[in-house]
Amino acid sequence: MKLKKVMMMVLCGVMVGMLAGCSSSGGSSTTEENTAESTTESTTAADSSSEDAQNTEGSGGKTLVVYYSATGNTERVAKVIADATDADIFELQPMDLYTDDDLDWTDDNSRVSQEYANEDQRDVELESITVDNWDSYDTVFIGYPIWWGIAAWPVNGFAENNDFTGKTVIPFCTAASSGIGESGDLLEEMAGTGNWQEGERFGSGFSDEDIQEWVDGLDL
């Protein structure tokens with residue numbers, strides 16, 4: 001009888017040990033599964049967050065105002081547009097700046113008169129045609145004075161050497177008497193890319209309010 005009791009106690013002990021082991025193993029497995037699941041969810045969330053950040057960085061939506069100004073009038077318009085649209089601004093500056101004598105269109109021997117008469121002299125080298133973060137801009141204003149019915153040629157190099165694909169391009173100009181004419185269309189041909197819009201000309205006596213009203217009407 002004593003032997004039977006001892007054997008029963010040993011058997012019960014073994015069974016309790018086995019049950020405890022199974023319970024421990026099952027709990028460990030469940031914990032590992034939960035941990036793996038949690039890690040996967042965290043990794044997925046992190047990947048998603050990283051992807052969203054990248055999409056935000058590359059989504060663009062910014063506005064840029066590019067301009068060449070010979071006497072300061074176009075610069076004034078450019079700055080008002082930049083303020084009204086919260087845009088960045090980029091000035092086109094010839095390596096060889098135009099002097100007042102150079103700009104005397106009434107003198108047949110002046111620089112602009114000679115460049116007008118000889119188209120091969122209109123390739124004006126600029127200090128820079130490269131805009132930082134160019135791909136981030138969705139809308140680009142391009143401003144210039146009108147020379148002999150067309151855009152002042154210092155802007156030509158910028159139009160020819162930049163890719164406007166996916167961008168809305170809006171020309172604007174200043175002129176005492178000439179209209180904007182085909183100046184925007186000719187720049188569009190030089191560029192070969194971009195969604196070019198009808199431009200606007202600002203004549204003598206224009207006000208900041210005139211510029212603001214035009215920008216508001218663009219519904220950007």
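Two strands count as paired here if DSSP finds at least two bridges between them. With that in hand, take Phe141, whose bridge partner in strand E5 is Ile170. Keep in mind that this is a predicted model.

**Strand E3 and its partners**
- Strand E3 covers residues 137–147, and 10 of its 11 residues are buried, so you'll find this strand mostly covered.
- E3 runs parallel to E1, with six bridges joining the two; Leu64 sits opposite Val140 of E3 in that pairing.
- E3 also runs parallel to E5, this time through seven bridges.
- With E4 (residues 150–151), E3 pairs in the antiparallel sense over two bridges, and there Ile146 faces Ala151 of E4.
- The hairpin of E3 and E4 has two residues between the strands, and Trp148 in this hairpin has a positive phi near 50°.

**Helix H2**
- Which residues of H2 are buried? They are Thr74, Val77, Ala78, Val80, Ile81, Ala82 and Thr85.
- An α-helix has 3.6 residues a turn, so residues three or four places apart point the same way.
- The cover over the buried residues of H2 includes strands E1, E2, E3, E5 and E7, along with helix H6.

Notes:
Residues numbered from 1 in each chain as written. Predicted model: local features only at pLDDT ≥ 70, side-chain atom pairs only at ≥ 80, totals over all residues. Heavy atoms only, no water. Buried < 20%, exposed > 50% of the residue type's maximum accessible area, 1.4 Å probe, protein only. Helix = DSSP H or I, 4+ residues; strand = E, 2+ residues; numbered from the N terminus. Contact = heavy atoms within 4.5 Å.
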